[in-house]
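Me: I am new to this structure. Can you show me how to read its features, step by step?
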Amino acid sequence: MTTIDRRSHLNLVSRALSGALSLMTVASCHDPIKIDVTSSNPSGPTDAELEDCPASANWLPTTPQLMLFKPNAHPVTECPFYRGGWQTFLIALQPDANGRPALLSYPTIDKVFDSALPPVASRSYLGDIKQAGGRQILIDQNGNAIYYGIQVSQSYADFIAQNDLRTLDKVVNVGTDKPRLFFPAGVVEFKDAWQVYDKKNPPADIDTFVTADTTIPTLSVDPSTGLIIEDRNKPIPASARLLAIHVVFTFPGHPAFIWASFEHTVVTDGKSDTAATDNWRDLAPIRPDDKIPDLLNDPSERKDSTVINADGVHGDPAHAFILYHAGVTAQDANSPPQEAALAKHFDAATQNFGSDQATSIFRLFPASKSNEAEPDGAITSLNSNVQHIFAAAKASLAPTDRRGHYRLVGAQWMDKPEFFGLNETLENDATSPLFQAPTSDLYKAADGMVGQFADRQAAFDAAKAAGQDPLGVAKADVGTNGSDSVFSMLAGEDRMSSTAMESFTQDTGAFPNCFSCHNTQDVVAKGVPYAHDTSQKIILKKSLLNVSHILSQFVLDECPDSAPAVSMSCPQCQDTPLPKQCSLP
């Protein structure tokens, strides 16, 4: 088993990647182990511009290709990362002459990899109704499951092909053969949440959604386990509308990806929706008092009887939230249904669970930040500026262009990509080199590699003067300042979850942000790192490519018997014979 010493990894980081690559084309990467994280931001902003995040007028009506460069780290503006997310979103959701978004023509897992399973006539485009992490099912207020899609850019597909990773054998052995192979700049992946609707009797606001005539899997109840199974080889035609999407892309020097998340808004002309507190987001509400959870005493708000919302979207009782039922309290929301109980209500003829089985979701962290409820000024500014360029370009936009009805929720990335390495959690936790004793060699090596070292030293000096333990300084500073802390490995929204995709794992004890699941450690069948669930079968060994779960999803598609059961423990996964082509690590 290949491992890497953290200190050795820190010494390996140097300049290797150079230049900007096209969003949709990428050069071959022959097992590189050196990542250039030096900033090449063409023009550093002044202090006065730090929270002024502009949108470019030339993004509309036809969005140009994303320019790739290495943005500056803290304390310089985070705007380039947010802009990169918005521009990539606009490119992917650009409608063609028939109103079909470009995203739906992008490669999918079925196209990127070569399956060894028997060929079938067709497979459903959407599916995977069990969310990553806990593998739980989200039910909308009509009693239907929410369905998910996964797509990648052509550059991502090219990277897989150029590195001979198209087959199951090559993918499951990448942790042995190419553990330090990393994604280059210019690759993109997407995960999106879709709600089915009746096209003959559509919702009143359907013209504000990106829609698709697509296919969904046939759902059924397994008579032996009583659990829900989905058969993508039996597709059902369906009309669906896009609720939310993760846009996940790489910049030079950022192979761990930048994760940007968007959700739908119903803001009307002349009104503003720049933050969740504007109350125009119609997937799920935030608390009426707009505060973050009590992380010490009630991090999941299971003791809180506060009614999250009783008035509908923006105070309109006639406009219900898509993923929340009016009047539900905090302690009763964000709770996954028990699958076996849910299955008893399933109607195979209608593929519906009944509206009484609907789940209620609210955004646990209003601004997707661990330390405050106030949204980042750069996001507020950029959302506002995007809103203005859509208003200015209205006459030139096609009637089928619905991109302006979505908003950036937040983004997350490694503020210190120097620490990107093999078998790392990529989190602000006890394994972070900046959480070590300031006198240790590991801390000194790390401290000398990244900026703001003087600020960190000042924090230690202040703690020493106050008689405090220096080991607790980093943790306390991150607790107070979140991802803006000089000790933080991450930047952006450190409690970012999509209410439509990570509905039940928002709290601190679960998977409260993207890097909670997407790191470089072993991956198990639930799509989470092995350290989070040691009862599960390991399907991918530690690898720098494990930050993307496209590979692990391909393994699960090829080896369905390795998929987990409903509970956190899956003893049958260890004993069930796998298909012949499945030789997992």
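Me: Is Cys517 buried or exposed?

Reply: This is a predicted model, so every value here is computed from it. Buried means under 20% relative accessible area. Cys517 has 10%, so Cys517 is buried.

Me: And Cys514, buried or exposed?

Reply: Cys514 has a relative accessible area of 9%, so Cys514 is buried.

Me: How many disulfides does the structure hold?

Reply: It holds 1 disulfide. Cys53 and Cys79 form it, with their sulfur atoms 2.0 Å apart. The angle about the S-S bond is 85 degrees, and the link of Cys53 and Cys79 is right-handed.

Me: Which parts of the chain does the pair of Cys53 and Cys79 tie together?

Reply: Cys53 lies in the loop between helix 1 (6-12) and helix 2 (79-92), and Cys79 lies in helix 2. The pair therefore ties together parts that are 26 residues apart in sequence. Both Cys53 and Cys79 are buried.

Me: Let us turn to Arg241. Where does Arg241 lie?

Reply: Arg241 sits in strand 4, which spans residues 228-249. Its relative accessibility is 7%, so Arg241 counts as buried.

Me: With which side chains does the side chain of Arg241 make polar contacts?

Reply: Look for N or O atoms within 3.5 Å. One partner is the side chain of Gln195, at 2.7 Å. Another is the side chain of Asp205, at 3.2 Å.

Me: Now the whole chain. How many helices and strands does the protein chain have?

Reply: The secondary structure comes to 13 helices and 9 strands. Of the 585 residues in the protein chain, 57% are buried.

Me: What share of the accessible surface belongs to carbon and sulfur atoms?

Reply: The share is 52%, out of an accessible surface of about 23000 Å².

Me: What about contacts between residues at least 6 apart in sequence: what percentage join residues at least 24 apart?

Reply: In the protein chain, 73% of those contacts do.

Terms used
Residues are numbered from 1 along each chain as its sequence is written. This is a predicted model: local features need pLDDT of at least 70, side-chain atom pairs count only at pLDDT 80 or more; totals for chains, interfaces and linings use all residues. Side-chain values use heavy atoms; hydrogens and water are left out. Helices (H or I, at least four residues) and strands (E, at least two) are DSSP runs, numbered from the N terminus. Buried means under 20% relative accessible area, exposed over 50%, partly exposed in between (1.4 Å probe, protein chains only). A polar contact is a pair of N or O atoms within 3.5 Å; within protein, one must be able to donate a hydrogen and the other to accept it, and residues adjacent in sequence count only if both atoms are side-chain atoms. Contact means heavy atoms within 4.5 Å. Accessible areas come from the Shrake-Rupley method with a 1.4 Å probe; for residues, only the protein chains shown count as cover. A disulfide is a pair of cysteine sulfur atoms within 2.5 Å.
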